[in-house]
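Subject: Structure for you to look at

Hello,

Here is the structure I said I would pass on. My notes on it follow below.

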Number of protein chains: 4
Amino acid sequence: MGELLGVAVLGAGHMGADHIRRLDQVVSGARVAAVADPDTARAKEAVGGIAGVSVHEDAVAALDAPGVEAVLIASPGPAHEEALLAAFARGLPVLCEKPMVPDSDGALRVVEAEARLGRRLAQIGFMRRYDAEYRRLKSLLDGGALGRPLMLHCTHRNVSSPPHFTSAMLINSSVSHEIDAARWLLGQELTAVTVLRPAPSSGAPQGLLDPQFVLFETERGALVDVEVFVNCGFGYQVRCEAVGETGSARIGEEHGMAVTSGGGARQEVPQDYLVRFADAYDREVQAWVDATRRGRVTGPDTWDGYAASAVAEAGVRSLEEGGRVQITLAPRPDLYARTDR
Amino acid sequence: MGELLGVAVLGAGHMGADHIRRLDQVVSGARVAAVADPDTARAKEAVGGIAGVSVHEDAVAALDAPGVEAVLIASPGPAHEEALLAAFARGLPVLCEKPMVPDSDGALRVVEAEARLGRRLAQIGFMRRYDAEYRRLKSLLDGGALGRPLMLHCTHRNVSSPPHFTSAMLINSSVSHEIDAARWLLGQELTAVTVLRPAPSSGAPQGLLDPQFVLFETERGALVDVEVFVNCGFGYQVRCEAVGETGSARIGEEHGMAVTSGGGARQEVPQDYLVRFADAYDREVQAWVDATRRGRVTGPDTWDGYAASAVAEAGVRSLEEGGRVQITLAPRPDLYARTDR
Amino acid sequence: MGELLGVAVLGAGHMGADHIRRLDQVVSGARVAAVADPDTARAKEAVGGIAGVSVHEDAVAALDAPGVEAVLIASPGPAHEEALLAAFARGLPVLCEKPMVPDSDGALRVVEAEARLGRRLAQIGFMRRYDAEYRRLKSLLDGGALGRPLMLHCTHRNVSSPPHFTSAMLINSSVSHEIDAARWLLGQELTAVTVLRPAPSSGAPQGLLDPQFVLFETERGALVDVEVFVNCGFGYQVRCEAVGETGSARIGEEHGMAVTSGGGARQEVPQDYLVRFADAYDREVQAWVDATRRGRVTGPDTWDGYAASAVAEAGVRSLEEGGRVQITLAPRPDLYARTDR
Amino acid sequence: MGELLGVAVLGAGHMGADHIRRLDQVVSGARVAAVADPDTARAKEAVGGIAGVSVHEDAVAALDAPGVEAVLIASPGPAHEEALLAAFARGLPVLCEKPMVPDSDGALRVVEAEARLGRRLAQIGFMRRYDAEYRRLKSLLDGGALGRPLMLHCTHRNVSSPPHFTSAMLINSSVSHEIDAARWLLGQELTAVTVLRPAPSSGAPQGLLDPQFVLFETERGALVDVEVFVNCGFGYQVRCEAVGETGSARIGEEHGMAVTSGGGARQEVPQDYLVRFADAYDREVQAWVDATRRGRVTGPDTWDGYAASAVAEAGVRSLEEGGRVQITLAPRPDLYARTDR
């Protein structure tokens, strides 16, 4: 397919460094052309021995660096809006990590800016859409094998939460994955949310409302429930059961090697999302590189990014104020018409 | 253990006939002494060739028949109160099918009548407490292996609902099993209930709100959710996942023989509760016979029967009126002190 | 069904005591009438508080005790032949634990004695035929769902072997269950056997050839392989995979409650055959009592007992001498014609 | 890591075309520089629109084409020896599909040629060593978690065999994967083989001995059994259970999405090795490219290729002549000392 796609990676933290490694060593057809991070030492360390990479303190400077043909945004959420708008201004294709923009107002500005361009430039990093099991479930639902979907039962568990994780982040960071997955699997917008707060686990940091139980209603009457428990202690579990009129399907069950010893048959539970979704990240970035080199933009769009932010905001309000909160979305620009999906 | 326990079986319908067969052929230490049913032809058919059984049109007459030492009530729910009170008046040990008494006022009258006797005579037919998997889960929770329980996720699916099944019966007939199981597994009373109504399945009879999604809160802050779907079409599935502070456990998963052919590995799903819980029914009745012959009363008590009715009534109100409904129970007589449990 | 069947239990060891308990407390329609054991103190202890049981030092005396209508033989294998012949002489129905008779010559004498009577009196205790999973596999094979059976892959593992267990006993005690199960599942006689001896596990007692790998050939060209490993350390596992022309089926997989904690999802493995096959024993004895009370004899017959002994003898010869050993059975009396099966 | 590695692909059949696609679109750090196939039209079709690829009728000519730095051999087995020797003569690193060389004499000549060079140039295409589940099993065994390995039970099933598949090919094409996997997992050479021939399935082509059951013994007394059944009709199943002194572990079980509908819970079985081992192929070629660019040679070596051929030859002799066949390997050159492994 000719020359390698030159990518500027914005952000050299945990996620950014992982994407730099991925572009260099895993993904075919791309190369890292520039890296930006306010902490340039960290950026240089992430680049390591990769040749031909310019390092920048300023994200916008990286966009203008020689050889840059596309942008991967892995900086902190609050920096995304400016980076996206700068990429749009330069006509550069973007892969933007989630959350696209943390607040729905900013997210909507990004949607409107892209809509004004009249063509898509951004793919949003909802990597579950690239996970083999999620894709099989999507295809099963789309093929009608379960009849009309009635309910999704979701589980999202982490071993422990990182420092400074707040009760709101269980919704807008953790459950945001289920928000996108539910919209995508069902092909429906979410219309209301209710967050329930069981007595917190003593394994959670003082003051953190963990676990939570989140209920979404959809525009055509389906129900989505999510157990989110980010200090469960034992592993990273992301499961989903879709219940339709004629059957149900489950993904995310433990599998792989089963070891029998000392009175039990045991299957490993992954400890980390980078393990569970390693392949999904690889496929996501490869799909983005492949589409970009063909001059196309595919995958989750900025409308998906906006909707996730708007739904999460409603969820946080339900968490804080109690009760059911209605979700209202802005009018959907034609660029993101559903027939595209 | 000496002579066989003579049992009067009230009701010779589906359940009653099954218990007659069980007492005659499966259970050790008991014999059917009398059978009552307003339809005496049906009663005679259920008795078949069993020797030494008197047949009665009137339930109370059966209690007074020769050789009757204990009563198994399997008549329709509205007839239970009178039969229980008559058994209490005669000091006869009783195994009473669920619902103990359909309305909570009547159920409370039964509780109070037994409390006045000052000793237990009745075991209520919540047979899940005798299922091997439920018992293992109970013992796991009681042993503290999962830490404090935070949530129970329950699934209750039937192939199809019987004729005349109403939306309220999804709560007070189907979910009543989960109500008892949750109270028993957690050792806590339920304090509030919210029933959600997804768009009904087109596989459900016209007008039936099926599936429903029921949320219970408990006195110490745990959450219990139940998907009840009585026209799922594919099988009888009763599953429960308990999530504690340090681990989770699931029961009710398909198991048994796995057949691989034509592109898939398949495990049977039972089609019927009499298949899924056949052993539980056998163990329940055997435990009742064994305890009775030893002059003891064990198992779920009339308070459990009352609480199930009261919680189900609140659930039906939530279904009909929408929103969260608080559950208030009468004061608990000393006879049913928690230390008994 | 009228009066309880009076049973004489011969042998009050581990197995005998368990059957006494079973007849008294689990099985419907029978009572223990007499117990015999050379150690009468042990016999009395096994009887415990059960009323109306005579205790005997001599097995034959127990057969003649008042109220004895049927015999359950649970004495050591070498005592079985005499007990069976004595029961035949008295026309008493018998349930005889395996091995029917340890050596095939003695076993053949029992077959011939029963054949001379011209009617069956004995059921042999191959309890796997009463296990729910084995029965489902049998019914699947008989129904043709897998096509003609080509292979059976079997696993037979125990936590540890009892004292004085010999290398030959892996074949004639442990694998004898697979021998009967294979003959029954396939409806074919076994025609040759080869025993392979991997390097013994250091977990096995000094000198014990454990594990062994046993290969059987059948009269119509199917292959049966058995891993037998009686000091595996972790649990009691009995698995069987049947491979047919159009599919395969597996039984004996771990199931039941799955617990997730500390990095893994774990399912219990039973530690003991009395746990794994508790229901099978109950069903076996209940089936025997039910048939006997109806004047019938069902289940595995003395020919099955003889064939198991003859095949096991050939297996021990292969173990000791190496190589493949042909199996030759005596002519099959008409009483055991295959159409009976 | 600098410039892309230029690869000559020899053979543009099914496997070669798949590798061309993989190098172009999946693997990072390599490009297709030349393709050779006697059928140059087929070669051109496989190249498609990839730029900068020279097409050759002659394999050796491709090795000398501009930009070629490494060779991937995917031509038919009989052509491998010449190609390997030509690559050695030019000092080119090679990834050679299995069988390395079909006959063990030719395979040994390749080993000796490389040994004379004094350094490894070739990696042999046993892709199971790159499968995630096999790697976890290997690491479990190497870590001692199961104690000393005693037995491997293997299953190798295909939906149906390709045209012209012979009885010998069940051993030297299909089972050759298990031969390498067993040697690798156990770290031991195989010393004897016995092939058993159950009555063939009526689903197999006339004259094909399918299934077969293959037993290997190892130098330290472990036992490896393989069911190979290449016309099983229902799917592609590759399973392995390792039994050690203190536990057992199984890989290759069906997993992924479980769909419940119409009376059963169903998991897909892959229909094809390219599905089951897609990731393994990707990782294998990526590992080869990565090592080559670092000037290293890793993975299965020519000794592994030779051993597989020698063991398979003994297996075919056992199949054809019956009975147990001893396996004797040539002396192992120092270059392939076990400490390398």
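**Where chains A and B meet**

In this predicted model, 35 residues of chain B are in contact with 35 residues of chain A. The size of an interface is often given as the accessible area lost when the parts come together. Between chain B and chain A, that buried area is about 2,600 Å², and carbon and sulfur atoms give 56% of it. On the side of chain B, the residues that lose the most area to chain A are Phe213(B), Glu245(B) and Arg250(B). Together these three make up 18% of what that side buries.

**Polar links across the interface**

Six salt bridges are found between chain B and chain A. In a salt bridge between the two chains, the side chain of Glu241(B) meets that of Arg157(A), at 3.0 Å from N to O. The count of residue pairs in polar contact between chain B and chain A is 14, with both residues at pLDDT 80 or more.

Which elements of chain B give two or more residues to the side that touches chain A? They are β7 (149-157), β9 (212-218), β10 (223-229), β11 (237-244) and β12 (248-251). By class, that side of chain B has 14 nonpolar, ten polar and eleven charged residues.

**A record for chain A**

An unreviewed UniProt entry lists residues 138-327 of chain A as "domain: Gfo/Idh/MocA-like oxidoreductase C-terminal". Over residues 138-327, chain A is 34% helix and 28% strand. The end C-alpha atoms of that stretch are 24 Å apart.

Regards

Note on methods: Residues are numbered from 1 along each chain as its sequence is written. Chains are lettered from A and ligands numbered from 1 in the order in which they are written. This is a predicted model: local features need pLDDT of at least 70, side-chain atom pairs count only at pLDDT 80 or more; totals for chains, interfaces and linings use all residues. Side-chain values use heavy atoms; hydrogens and water are left out. Contact means heavy atoms within 4.5 Å. Buried area is the accessible area (1.4 Å probe) that two parts lose on being put together, summed over both. A salt bridge is a side-chain nitrogen of Lys or Arg within 4 Å of a carboxyl oxygen of Asp or Glu. A polar contact is a pair of N or O atoms within 3.5 Å; within protein, one must be able to donate a hydrogen and the other to accept it, and residues adjacent in sequence count only if both atoms are side-chain atoms. Helices (H or I, at least four residues) and strands (E, at least two) are DSSP runs, numbered from the N terminus. Ala, Val, Leu, Ile, Met, Phe, Trp, Tyr, Cys and Pro count as nonpolar, Asp, Glu, Lys and Arg as charged, and the others, Gly among them, as polar. UniProt positions are given in the numbering used here, feature names are shortened, and annotations may be inferred rather than shown by experiment.
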